[in-house]
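Visitor: I am new to this structure, so please show it to me and then take my questions piece by piece.
Guide: Gladly, here it is.

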Amino acid sequence: MMLRLPSMSWRKSDVRGWSLGVVSLTVFVLAWHLATTYHLNFHIRFVNVPTPGAVFLRAVKAAGDHRFIAHIWMSLERILLGFTLAAAVAVPLGLTMGRFATLRAVVFPVVEVLRPIPAIAWVPMSIMLWPSNEESIIFITFLGSFFPILINTLHGVAAIDPAVVRAARSLGAGEMDLFHQVYLPGSLPHIFTGLTVGMGVAWVSLIAAEMISGQFGIGYFTWEAYALVQYADIVLGMLLIGGLGLLSSAVIRLLGRTVMPWSRPISSRPGCFK
Amino acid sequence: MTAIASIRAPLVRTSHGRIDIDSLSINFGNHQAIADFSLHVEPGEFVCLLGPSGCGKSTVLNGIAGFVTPNSGSILVDDETVTKPGPDRGMVFQQHSLLPWKTVLENVALGPRMRGVSKAEARLVAREYLDLVGLGAWASHYPAALSGGMAQRVGIARALVNHPKILLMDEPFGALDAQTRIIMQENLLKLWGLTGNTVLFVTHDIDEALFLADRVIVISAAPGQVLLDLKNDLPRPRPQDIFAHPSFADYKRECLRLIRQESGKAFDFANGTGI
């Protein structure tokens, strides 16, 4: 039975989703505008909060300011470095731990003790450990994303159907073949869950580290704005952090869809419907 | 389901080996799955292992495949002791166990690729065997798009592409609906006519065993032992109405009697033992 669905066309549910999204954001900005313009004060004080218009004007000005752009680049560089290092260590480690019970038994207790410590609690230790400020910020970003990626990779290996492993072995797969053909692709869905969560935590950790120990970076910019009583800059920094976080999650999702073509919902694949 | 290709495909080869199992015992912890089990299978023979659930028939198969190590006794394939899994003993599982992240063609090409065959050549032979099971048109799909019967056909092609000496089938049609099962059985016999493998087929379905096999081995409740080694002389090629053949009823009666007895032991409620 075959049924072709138009793949790139707009479906009714898509249109509905997008228009509701626009309505939701518009209401949010409008409420913000009203609360700040009329200096709403009911225990929560909007007196010092800048209006959306003021933040927008500040954003336009900042877009042309090379120092502001440098802050953004700095944060992106740190995220990329910390996150990539975390993925490069956590994924192979998780795969090998998932495969070999002895390694898992040795490493897992340490992981379980360190995992609940929030990245921000690592700041003083990190400053002591690393010779430069820059390294300690990247280390904290690394730690934030490391544990979610590791734990999800481990779950990924555990979720692989043992029959598939046996099938590969009976086809002549050696240990390296098993890693390439079975353990890695089989855990990819969980690995990407880990990467998405890890990216979120990486931003949380980075901003915390930049606010406390940093020079430069969007977290430092936001904290400095508070110290210098630049209220519009605070909101600009916050919105930017939100936007960059959203963007990096989207990049990972896109990457996931590209490397896992089999995991696309069946109806969006060419020529099949079950 | 389309018919199996009636002409012999150029890349399909005949390959078969003999199996010698002598006083085999396999334990799982304290549970004795197989005890003092002996079986000799001639090259090219189609043998069905028939027995109640939990009797250890799959354990015998896993032993030959190299997934479990015997506690005592020996398993020889062409006079060589089985030590580990290998493509010379093709395995078809009850659940299809295709790699979900590989296309149908890539799944079939996996065995040749592992043996170091070039990608282009592996795809070529894989294509040949997919055509043989009537699924050439599905080569670029992922397994999730296949029905249960189609997935099992891919599983069979994936095992046969390596020209195995022995084809081990662990209740391969057990999860399929009755109609699909019958079509699969008929097509398996046609395929076997082309490839000539030694086949060891585990089932708990008496009709299936009698329809397919040259020999039906009835196995006792655990620990599994051979209760009956039945030579099935029903004529080949077997027509769909082979069930009406007078010998069929005799064979079935004999198997059924033994299976009833054994299932009775396994489910002995009165004595509070068994499952």
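Visitor: In which sense do strand 7 and strand 8 of chain B pair?
Guide: Strands here are DSSP runs of E with at least two residues, while helices are runs of H or I with at least four, both numbered from the N terminus. Two strands pair if DSSP finds at least two bridges between them. Strand 7 (residues 166-170) and strand 8 (residues 198-203) of chain B share five bridges, and their sense is parallel.

Visitor: Before we go on, where do these numbers and letters come from, and what kind of model is this?
Guide: Residues are numbered from 1 along each chain as its sequence is written, and chains are lettered from A and ligands numbered from 1 in the order in which they are written. Local features need pLDDT of at least 70 and side-chain atom pairs count only at pLDDT 80 or more, whereas totals for chains, interfaces and linings use all residues, since what you see is a predicted model.

Visitor: Which residue is the bridge partner of B:D170?
Guide: Strands of a sheet pair through backbone hydrogen bonds, either parallel or antiparallel. For B:D170, look across to strand 8 of chain B. The bridge partner there is B:V202.

Visitor: Which strands are at the edges of the open sheet of six strands?
Guide: The order of this sheet in chain B is 6-7-8-3-9-10, with mixed pairing. Neighbouring strands are turned by 15° against each other on average, direction ignored; such angles run from 0 to 180 degrees between N-to-C directions of axes, which are lines fitted to C-alpha atoms, for helices over the stretch in contact. Each edge strand pairs on one side only, and the two are strand 6 and strand 10 (226-231) of chain B.

Visitor: What about the open sheet of four strands: which strands stand at its edges?
Guide: Chain B has this sheet in the order 2-1-4-5, with antiparallel pairing. Each edge strand has a single partner strand, so one side of each is left without a neighbour in the sheet. The edges are strand 2 (31-41) and strand 5 of chain B.

Visitor: How many bridges join strand 1 of chain B to strand 2 of chain B?
Guide: Strand 1 (residues 19-28) of chain B is also joined to strand 4 (residues 72-77) by five bridges, running antiparallel, and in that pairing B:S25 has B:S72 as its bridge partner. On the side of strand 2, B:N27 stands opposite B:Q32. Strand 1 and strand 2 run antiparallel, and the number of bridges is seven.

Visitor: Which residue has a positive phi in the hairpin of strand 4 and strand 5 of chain B?
Guide: Strand 4 and strand 5 (residues 80-81) of chain B pair in the antiparallel sense over two bridges, and B:V77 stands opposite B:E80. The hairpin has two residues between the strands. One with a positive phi, near 50°, is B:D78.

Visitor: Is B:D79 buried or exposed?
Guide: A residue is buried with 20 or more other C-beta atoms within 10 Å of its own, exposed with 12 or fewer, and partly exposed in between, with C-beta atoms placed from the backbone. B:D78, with 14 such neighbours, counts as partly exposed. B:D79 is found in the loop between strand 4 and strand 5 of chain B and has a positive phi near 65°. With 8 other C-beta atoms within 10 Å, B:D79 is exposed.

Visitor: What is omega of the cis peptide bond of B:R236 and B:P237?
Guide: B:P237 has its place in the loop between strand 10 and helix 7 (246-266) of chain B. The bond that joins B:R236 to B:P237 is cis, with omega about -10°.

Visitor: Which element of chain B gives the most residues to the side that touches chain A?
Guide: Two residues are in contact if their C-beta atoms, placed from the backbone, lie within 7 Å. By that rule, 21 residues of chain B meet 20 residues of chain A. Strand 6 (89-92) and helix 2 (104-114) of chain B each give two or more residues. The most, three residues, come from helix 2 of chain B.

Visitor: How far apart are the C-alpha centres of domain 1 and domain 2 of chain A?
Guide: The domain assignment, which is an automatic or database one, gives domain 1 (1-49) and domain 2 (52-264). Their C-alpha centres are apart by 28 Å.
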